[in-house]
Amino acid sequence: MKVLVAGETKGRLDLLFNRVATLHASKAGPFDALFITGEFFPPADEPEGGVASTAFEDYLMGVKEVPVPTYFMEGPSTSAEAKYGSVLPGSELCPNCKYLGPGGLELVGKLTVGYLSQRHTDKDIAKILEPASTSTFLGADLFFTTDWGQHVAAGHDSYLSESGISNAADVGSSTVADLAVVLRPRYHFAARPSLFFQRPPYKNHATKPKTKLSHVTRFVSLAPVSESKEKSKKWLHAISIEPLPYMTLEALVEEPVDVTESPYSVFKDAKRSGGEVGRQEEGGALKKLRGEAGGEVGVLTYESMQQIQREEESKRGDSGIFFWGGGKGGRGVGGGRGQHQQHQQQQQEVDPNCTTLHIAKLPVGFPAEDLQRGLSHYGTVTRVKVPEGKDFAFVSFGTHEEAKKALESRGITLGFQGAKMSWSKSSSRSMVPPVIGNGGPGGGGMGRGGMRGSMMAGPPLPPSPPLGMGGMGGGGGGHYGPASGMVYPQMMNMGGPGGGMVGGRGGPPPPPQSPIECWFCLGTEKAEVELLVTVGESLYMAVPKGPLCREHVLLIPINHVAGLAQLSPVEWEEFEKYTKALRLMYAEQKEGEEEGDGEEEGQRMVLFERRLETRGARHTHAQIIPVPAAKAAGVREAFEKRGEPLGVFFEHVPAGKSLPEMGLSPEQQYIYLEIPGLGGKGVARLLHRLPPGGRLPLTYGRDVLAELLGVPQKVNWKNCMLGKEAEKEMVERLKKEWEKWDFSEGE
């Protein structure tokens, strides 16, 4: 990317943009962006009708056009705000001219950009520190500040003395110096003192790194925009820069011949000069990042920052890579969920044949070629799948080791904020142990790996035979063996001598259904990602293929699990956030437009999950359907009436207890409901446990809701499948409705 950087404009946009337009149209151009350090608005003492004010207003009023996308960080002073109005961070002052804000770290195009104005607050410093002070942060491409970093000019007294600056080491802000150490920018531009100064590049590491962790920084100070052509008053600087994540390791860590040690770390034992920085930092965002020695505030060094990173990483315990992540427990900036990640790592074993990584929280529309380019130096990228309009992707490598290398590469970023990399969940396998049940002599046991033993079993047998063999004398072995066509992927179903429903020794267990064939695993070819409404940390919400009504959604664990009862505490917490938000969303919805859509404002949520044995890959999903408030009181009766002939009798899930706490084994079949309570008010949570070998129609829940909503023709989902355009419309509408209730936005 080609970038221009200018010093303080102080309203002289005519001089600035005339020069920029010329360069933009020349052989040196075109340029992708222009950044401005220091003051941008006309000075407070500028008279009405002055040169700067007139030039500034021409662009503000649209009389003239900004030639290149332009970014500035110094907002208006009090007097300038009174004259020109306020401008919010992230908004455009005029077309093609954006105010970044007083401080932060964000993406501009594909560049990682840090910035700090003279009007910053401690909160603005925190916006830089939180994403930058983690072991996964590689560094910033660009850093813009109004002031120099203190000590950056140390050793250059003779040059600066010509401009009237003495004691060069003390010039600048210690806050900026500390942030420069944290950010490790490839380029650092500043505006004050108001002169051109370019020091030799300096190291951000004690020794040349062997991994993609560090690089050199080039510091440039620019003079204010003017008509002068003197070298000491140079105010415009052009660079060609490749976004840091896409550089090769060799190019990134290359050190020029004139490189120096860091001007900040060499003053490790120096005293601070106090002043405004010391007062700001006392109790502020930088205090926790700065050591104290002998009661004096010390300089933040790269070594101390690395120690902080290691401590934060050990606290977080992340199993995946969080780009721009942190220990804040939220999303995006400061992203990780360490407890959740530890739980998943304990509960899952990655398939050694897995070659696919899942990358979540991407900017929508992130180019597949950028993902391929950013990850290709870890191995051969064989496939990149970025679903249209979605914020996640799947990247496959030639080998498992290449994928693992990409996953474990600490410090890599791909040039986007808040993204998370992990193994594709569909390639993980649950570590739930097989059920062991030896059949006693004369009993009806299943044998090792069986479902149930005899009610009249004799004394236990000696230690069990090897896996796959039934216990001697255990009649009934292989009740759900190969001949039945039932699939128990984590149970050995071979019967022992003595026969049973299948008889004899049975045969080898049926092969488990691979998650790669699962419709609900996001990393598989079968997954219809265009039906997604939102993707969270542990669950995602999607539109069903044959919806009962226009607000019908599915809530599905990202991990391949057979039942909601197997969710971890952290996963269940997110599940409850979804259901709470959906209840509120449905309660606000207006009268429907189609038959069965909900007849009035104020609908009530019905949720049902069936954990039943099926031939396919058992990836559970909760069906969530709103019903009109007038029908809410009859929901429980409808379920009980339909279920009674089938032997369905519900128990209440006690208040304060979750479904995963109900003692359901992984192979237990059940029906779980969350429906309107007595009189249609509140929430009733009901559970029916099927007996061993019990059967229930797969359409049980859908039968009840279709009848209740007056759409019996929709019992079979294939009868009400939507076309692609209708599906797309439904997804987009639900996305828009969900925006108000999306709990992730506040985290």
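Is Arg 184 buried or exposed in this structure? At 2% relative accessibility, Arg 184 counts as buried, where buried means under 20% relative accessible area, exposed means over 50%, and partly exposed lies in between (1.4 Å probe, protein chains only). The structure is a predicted model, in which local features need pLDDT of at least 70 and side-chain atom pairs count only at pLDDT 80 or more, while totals for chains, interfaces and linings use all residues. Residues are numbered from 1 along each chain as its sequence is written, and side-chain values use heavy atoms, with hydrogens and water left out.

The chain has 747 residues, of which 54% are buried. Its secondary structure comprises 16 helices and 30 strands; helices (H or I, at least four residues) and strands (E, at least two) are DSSP runs, numbered from the N terminus. Contact means heavy atoms within 4.5 Å. Among contacts in the chain with a separation of 6 or more, 71% are between residues 24 or more positions apart. The accessible surface of the chain amounts to about 31,900 Å², and carbon and sulfur atoms account for 53% of this area. Accessible areas come from the Shrake-Rupley method with a 1.4 Å probe; for residues, only the protein chains shown count as cover.

An open sheet of 6 strands was identified, with the order E4-E5-E3-E2-E1-E13 and mixed pairing. Its edge strands are E4 (92-94) and E13 (236-240), each of which pairs on one side only. From one strand to the next, the twist averages 25°. Two strands are taken to pair if DSSP finds at least two bridges between them. Strands of a sheet pair through backbone hydrogen bonds, either parallel or antiparallel. Strand E1 (residues 2-6) runs antiparallel to E13 and is joined to E13 by 5 bridges; Ala 6 has Leu 236 in E13 as its bridge partner. Helix H1 (residues 13-25) packs on this sheet and touches E1, strand E2 (33-36), strand E3 (70-72) and E13. The direction of H1 makes about 150° with that of E2, where axes are lines fitted to C-alpha atoms, for helices over the stretch in contact, and angles run from 0 to 180 degrees between N-to-C directions.

Strand E30 (residues 683-689) has 5 buried residues among its 7, and is therefore largely enclosed by the rest of the structure. E30 pairs in the antiparallel sense with strand E28 (residues 651-652) over 2 bridges, and Glu 651 stands opposite Leu 687 in E30. Strand E29 (residues 670-676) also runs antiparallel to E30, with 7 bridges joining the two; here Ile 675 stands opposite Ala 684. The hairpin of E29 and E30 has 6 residues between the strands, and Gly 679 in this hairpin takes a positive phi near 70°.

Helix H16 (residues 724-739) contains 16 residues and reaches 23 Å from its first C-alpha to its last, close to the 22 Å expected at 1.5 Å a residue. The expected span of a helix is 1.5 Å times one less than its number of residues. The buried residues of H16 are Glu 727, Met 730, Val 731, Arg 733, Leu 734, Lys 735 and Trp 738. An α-helix has 3.6 residues a turn, so residues three or four places apart point the same way. The cover over the buried residues of H16 includes strand E23 (532-535), strand E24 (539-542), strand E25 (553-557) and helix H13 (569-588).

Several backbone features were also examined. Most residues other than glycine have a negative phi, and most peptide bonds are trans. The peptide bond from Gly 29 to Pro 30 is cis, with omega near -5°, and Pro 30 is placed in the loop between H1 and E2. Arg 192 and Pro 193 are likewise joined by a cis peptide bond, with omega about 5°; Pro 193 is found in the loop between strand E9 (187-192) and strand E10 (197-198). His 151, although not a glycine, has a positive phi of about 85°. This residue lies in the loop between strand E8 (142-147) and helix H5 (157-161), and His 151 counts as buried because its relative accessibility is 6%. Arg 184 also has a positive phi, near 50°, and lies in the loop between helix H6 (174-183) and E9.

Cys 549 is buried at 3% relative accessibility, and Cys 720 is buried at 10%. With a disulfide defined as a pair of cysteine sulfur atoms within 2.5 Å, the count comes to 0 disulfides.
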